[in-house]
Amino acid sequence: MTHPMPSSSPVSSDAVNALNESERRRIEAKSALFAPPTPVTEDGRRELVGLSREELAEVLTEIGEKPFRAKQLWHWIYHQGVTDFSLMSTIAKPLQAKLEKHFIVGRPSLTTQQTSRDDTRKFLFRFRDGQEAETVYIPDRREDRGAVCISSQVGCTLSCTFCHTGTQKLVRNLGAAEIVGQFMAARDSYGEWPSPKGDTPRLLSTIVLMGMGEPLYNYENVAKAMKIIMDGEGIALSRRRITLSTSGVVPMMDRCGDELGINLAISLHAVRNDLRDQLVPLNRKYPIEELMAACHRYPAASNSRRITFEYIMIRDVNDSDAEARELVRLIRGLPAKVNLIPFNPWPGSDFRPSTRERLASFAQIVMDAGYAAPIRMPRGKDILAACGQLKTQSERKRQAESRNTGA
C-alpha cells in the first residue's frame with residue numbers, strides 16, 4: 001500500500017542543515033569525552049582490526065613496507081578471518097615475523113557464552129581495558145540465517161526507563177576494532193570463514209546495531225566499523241543487510257543516511273511527547289515531530305527498504321487502541337514497518353508486558369492501515385536475554401570476588 005507524502009515542512013532545508021551541523025559538532029565534542037583507549041597491546045603492538053584501508057597502508061609504510069601489502073593483509077583479516085600471521089600463506093615468512101613483532105590481529109576476549117533453548121546465542125566480550133559489552137546472535141526461525149546484534153557503547157547515556165542497559169551509566173564508546181571485533185568473534189563461534197561470496201548462504205546474514213548504547217552518539221567509530229564490514233573485498237556485507245537502531249539523535253540521522261545509507265530503525269515506544277519524555281528521555285531534546293521529519297528526510301528509505309519503528313508493548317502504558325491509531329497517523333507517508341515487542345521483564349522494573357489480546361488488537365489496527373506489524377516475541381529468555389543483564393551479572397560476580405579476596 002502506497003501512502004501519500006505529507007506536505008513539506010515550513011522550515012527550509014538550509015535552516016535544518018545549519019541547525020544540524022551545529023548540533024553535530026556539539027555531539028561529536030561530547031563523544032570525544034568518552035573515547036575508547038588506543039588499540040595497542042601492553043607490549044606496544046598495534047591492533048590492525050578496525051583500521052581503514054588507508055590507515056593500514058600507513059602503518060605498513062611506518063615499518064618500511066610497501067602500501068600494496070595492505071591489500072594482502074585486508075584479505076587475510078576480513079575475508080579469511082585469520083588472526084595468526086604465520087598462517088597467511090601468501091606473505092613471506094620474514095615479513096610474517098616482522099608483522100608479528102609490530103602488530104596484532106585480535107578479538108575481544110570471551111567472558112561468557114550462553115546458548116538458549118531456542119538457539120539464540122549470547123556473548124559477553126571483555127576488551128583490553130577490562131570493560132565488557134554484549135553481543136547476541138538471533139537465528140531465523142525458518143531459514144539457516146540470522147542477525148548479529150552488536151553493541152556500540154559500554155553502558156548507555158540515555159536512561160530509557162524500560163531498558164536494562166539504561167540502568168548502566170555510560171562508561172565509554174567502543175572503538176571501531178571493538179565493534180568489528182564483535183561480529184568477527186561471532187563468526188569465529190560459528191566457523192563462518194572465509195566470507196561467503198555471491199549467493200552462498202550466510203548463517204550470520206545481517207547486523208543490527210541494537211545492542212548496548214546509542215550508536216549515533218558514537219557515530220565516528222560505528223561508521224568506520226560499518227565501512228570495513230561493507231567493503232567488498234573483506235566481510236562484504238551489503239548495506240541492505242545492516243540496520244542501525246536509534247532513539248532519535250536527529251542531527252546524526254541525517255549524516256548516517258548521507259554517508260552510510262544503511263537501514264534505519266527507530267526506537268519509538270510512544271506516540272505522545274509527554275509519555276515518550278518519560279520512556280525515552282532523549283525525546284525532550286528531539287521531540288516526536290523533529291524525529292518524524294528526520295525519518296522523512298532519510299535518503300535510504302524506500303518501499304523496498306522501509307524504516308522500522310520499534311515499539312515496546314508495555315501493559316496499560318502505551319498499548320491502547322487509541323495509541324495504535326496515533327502511531328498509524330505518525331508514520332503515514334513513510335515506507336515503514338512496525339515491530340511490536342512485548343516488554344521483556346528484568347529485575348527491578350515495574351513494567352509488565354502487554355496481554356496477548358492487547359498485542360493482537362494493536363497489531364490489527366496497524367495492519368489494517370497497510371503496514372506490516374509483526375509481533376516479535378522475546379528470544380533467549382533462559383539466558384538473560386534482555387540487553388545488559390549478562391553484563392550486570394558479570395559485574396556483580398567480579399565485585400563479589402574482589403570483596404572475597406580483599407582486593
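Q: A crossing is left-handed if the near helix is turned anticlockwise from the far one by less than a right angle, and right-handed if clockwise; which hand does the crossing of α2 and α3 have?
A: This is a predicted model, where local features need pLDDT of at least 70 and side-chain atom pairs count only at pLDDT 80 or more, while totals for chains, interfaces and linings use all residues. Residues are numbered from 1 along each chain as its sequence is written, and side-chain values use heavy atoms, without hydrogens or water. Helices (DSSP runs of H or I, at least four residues) and strands (E, at least two) are counted from the N terminus. By that rule of turning, the crossing of α2 with α3 is right-handed.

Q: How is α2 oriented towards α3?
A: Helix α2 spans residues 53–62 and helix α3 residues 69–79; their axes (lines fitted to C-alpha atoms over the stretch in contact) are 9 Å apart and the angle is about 120°, on a scale of 0 to 180 degrees between N-to-C directions. Under 35 degrees counts as roughly parallel, over 145 as roughly antiparallel, 65 to 115 as roughly perpendicular and the rest as oblique. That makes α2, relative to α3, oblique.

Q: Which residues of α2 and α3 make the contact?
A: Contact here means heavy atoms within 4.5 Å. On the α3 side, Arg 69, Ala 70, Leu 73 and Trp 74 take part. Their partners on α2 are Arg 53, Leu 56, Ala 57 and Leu 60.

Q: How are α10 and α11 oriented to each other?
A: The axes of α10 (residues 321–331) and α11 (residues 356–368) come within 9 Å, and α10 passes α11 in a right-handed crossing. The angle is roughly 30°. The two helices are therefore roughly parallel.

Q: Which residues of α11 does α10 meet?
A: From α10 come Asp 321, Glu 323, Ala 324, Arg 325, Leu 327 and Val 328. In α11 they meet Arg 358, Ser 361, Phe 362, Ile 365 and Val 366.

Q: Is Met 292 buried or exposed?
A: Met 292 lies in helix α9, residues 288–297, and touches Phe 309, Leu 330, Ile 331 and Leu 334, leaving aside residues up to four places away in sequence. Buried means under 20% relative accessible area, exposed over 50%, and partly exposed in between (1.4 Å probe, protein chains only). Met 292 has 5% relative accessibility, so it counts as buried.

Q: What is the relative accessibility of Asn 263?
A: Asn 263 sits in strand β11, residues 263–267. Its contacts, apart from residues up to four places away in sequence, include Ile 242, Thr 243 and Arg 305. Asn 263 counts as buried because its relative accessibility is 13%.

Q: Where is the cis peptide bond that involves Pro 194?
A: Most peptide bonds are trans. Pro 194 is in the loop between α5 (176–190) and β9 (204–209). With omega about -5°, the cis bond joins Pro 194 to Trp 193.

Q: What is the phi of Asp 119?
A: Most residues other than glycine have a negative phi. Asp 119, in the loop between β3 (109–115) and β4 (121–126), is partly exposed at 49% relative accessible area. Although Asp 119 is not a glycine, its phi is positive, about 75°.

Q: Which loop holds Ala 236?
A: Ala 236 also has a positive phi, near 55°. Its relative accessibility is 28%, so it counts as partly exposed. Ala 236 lies in the loop between α6 (219–230) and β10 (242–246).

Terms used: A crossing is left-handed if the near helix is turned anticlockwise from the far one by less than a right angle, and right-handed if clockwise.
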